[in-house]
Amino acid sequence: DDWNVYRDISKEEEAEEDEEDEAEIERYNKILEQHAPDFLESLDREARAKIERTTMYRFSEGCQPAILDKPAVQYKPDNATIVARAAREYQLHLNVERIRVPEIIFRPSLVGLDQAGLLETIDNVIKHTGRTSLVSNVFVTGPGFAQVSGIVERLQRDIRSIVPVGTPVNVRRAADPLRDAWRGAALWSVNEPDAFKASRVTRQDYLELGGEYIREHGAQKDNAYSTDVSSFNFDDAGYTYCNPGYPQTESYAPLPDAQLQLVQAVVRHGDRTPVHQIPNDDTTWFCDGIEEDIYLHAANQPERNNTGSYQQVIEIPTWNKKYGFAYQLWKGTCDSGQLTDHGKLQHRTLGSKLRSIYVDKLGFLSDKLVRNSEVYARTTYIWRTKNSAESLLGSLWPDRGFTPDVAIPIHTYPQQIETMYGNSDACPAIRSIRNSMIKSDQFQKFLQDQGPLMSRLASIFDINGNDWKNTWDGYFDILNARECHGFQLPCDHSADSVKGSSPACATAQDAAQVRRNSHYELMFEYRDHPLAQNLTQLIIGSFWGTLKEQIDSHIAGKSGDLKFALYSGHDSTLIPMLATMKA
């Protein structure tokens, strides 16, 4: 190819010209060194300054003077200069790397790791547990990244971006991140030796089993919780007790070849305060953020009367326990077992979700409630179920007036004949079967195996009695309600009087074991015991009969305009219902 030959000739000519130019420049430099050395030095200074002013040089070399590849002034460097230049060539300059290294914990992809970063992990924990309140107490410790400048501010800012607006976010760093984790473990081993022994791993076990086995199966085969119940896992399919999910319009699909005629919704009340009380309770509960107005008027009065409305106010006086009462109730504005503001918001959200399905998507229910005959509502006599129904219906049909034709009647059975939970006073056979279950060998072994934990928690709670010895219900109630709100778990402050000691407190591990025990107890009662089917029939059979009668009445055309029936109950309503369906 002639053109390639021409290109090769051209390159040879250019190289020869470059050599000639460099020789000419060298000749002029020698003349200038002889007659004007200052001029050459100024050229070198200007050349170095031009290089040092560039952003890339500042990033790569910092404040060090530039080294020219071809300086105008040629000189023979001394040994010190040669050593300095060699050292400089082997330096590792850190600029953006100081930022990129700690950024790896937020974005592992920077170093090629296909795994979740710190913020994504926090987000997953919140979604899995349903406890947004966890971010109100984020504690940063450890000898590594916890000491990086700005880590607390970065976490504070990033966490705010993944939680609802207004959620309290508080990130704290340990006073001594390098040693505080060890100090905490050391104190734990002294203050809670049983729990420490149950969780520790010996060097022999680690070398024999390996880290992966221990991570999967637990620390020791002979720990304090190593019983049948410890391996019992409640398959909740992602459900979280503190913050359950809601029906979604996108995933709802009508049954094929069917026409919707009647909706029966059976729900549990929303988040509540504990029902069980413990002495010297120092938590604070608020239930007055969403208020309920009450007014009385003559039946079938066409307009709301002018006598005014009233509000029920729970008052916990400041003299609480001052005048000889055995218990000190918590602080705040809540009664025991009362629906919290969060519980009311849960059911308002549920009502809006149901509206999006049955009003907006299907057009089955009326957009505006014109006649209250379209809806039936029933609650138990316990006030939190009534408030839950009010909250749900208020979002299902918002902006209702006060006239009798749109006032939704909420039906309640007297306590003596209630059927939405196990009414052992009305049906003594329920109590009899439960007593026989408690006395069974399997359940007694369960209580015996978990006895050390029950005794320790009873001591911390300062409680006693048979109601606390034969069931985990009260322990679950006390711990779970506090965990759902991010409150500190109860402590036994009687040890404060002992110099140098710390109060014994219930731990997150205790709460987790109590949850397993409670689930195990429920499954034993409603599923595994030979009399479980008899018990569920007695507890919830009458209520199932009520639902069936309502369906039969609708099929027979005797229910009028009824389209939506709401039943607001308890855990003790839904659990036996699910048990009868083998769910």
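User: Start with C427. How accessible is C427?
Analyst: C427 is partly exposed, at a relative accessible area of 21%. Buried means under 20% relative accessible area, exposed over 50%, and partly exposed in between, with a 1.4 Å probe and protein chains only.

User: What sort of model is this, and how are residues numbered?
Analyst: This is a predicted model, where local features need pLDDT of at least 70 and side-chain atom pairs count only at pLDDT 80 or more, while totals for chains, interfaces and linings use all residues. Residues are numbered from 1 along each chain as its sequence is written, and side-chain values use heavy atoms, with hydrogens and water left out.

User: How many disulfides does a search of the whole structure find?
Analyst: Three, taking a disulfide as a pair of cysteine sulfur atoms within 2.5 Å. Counting bonded cysteines along the chain, the pattern is 1-4, 2-3, 5-6.

User: Which cysteine is joined to C242?
Analyst: C484, with an S to S distance of 2.0 Å. The link of C242 and C484 is left-handed, with -80 degrees about the S-S bond. C242 lies in the loop between α11 (211-217) and β3 (263-268) and C484 in helix α17 (residues 473-484), so the pair ties together parts that are 242 residues apart in sequence. Helices (H or I, at least four residues) and strands (E, at least two) are DSSP runs, numbered from the N terminus.

User: Are those two buried or exposed?
Analyst: C242 is buried at a relative accessible area of 11%, and C484 is buried at 14%.

User: And what does C287 bond to?
Analyst: C287 is joined to C334, S to S 1.9 Å. The torsion about the S-S bond of C287 and C334 is about 110 degrees, so that disulfide is right-handed. C287 counts as buried at 5% relative accessibility, and C334 counts as buried at 1%.

User: How far apart are the sulfur atoms of C491 and C505?
Analyst: They are 1.8 Å apart in that disulfide. The torsion about the S-S bond of C491 and C505 is about 105 degrees, so the disulfide is right-handed. C491 lies in strand β10 (residues 491-492) and C505 in strand β11 (residues 504-505), so the pair ties together parts that are 14 residues apart in sequence. Both C491 and C505 are buried.

User: Switching to α16. What do its buried residues pack against?
Analyst: The buried residues of α16 pack against α15 (441-449), α17, β10, β11 and α18 (508-528), where contact means heavy atoms within 4.5 Å. Helix α16 covers residues 451-461, and its buried residues are G451, L453, M454, L457, A458, I460 and F461.

User: Now β8. Why is it called largely enclosed?
Analyst: Four of the five residues of strand β8 (residues 375-379) are buried, so β8 is largely enclosed by the rest of the structure.

User: Which strands does β8 pair with?
Analyst: β8 pairs in the parallel sense with strand β12 (residues 564-569) over five bridges, and in the parallel sense with strand β9 (residues 410-412) over three bridges. Two strands pair if DSSP finds at least two bridges between them.
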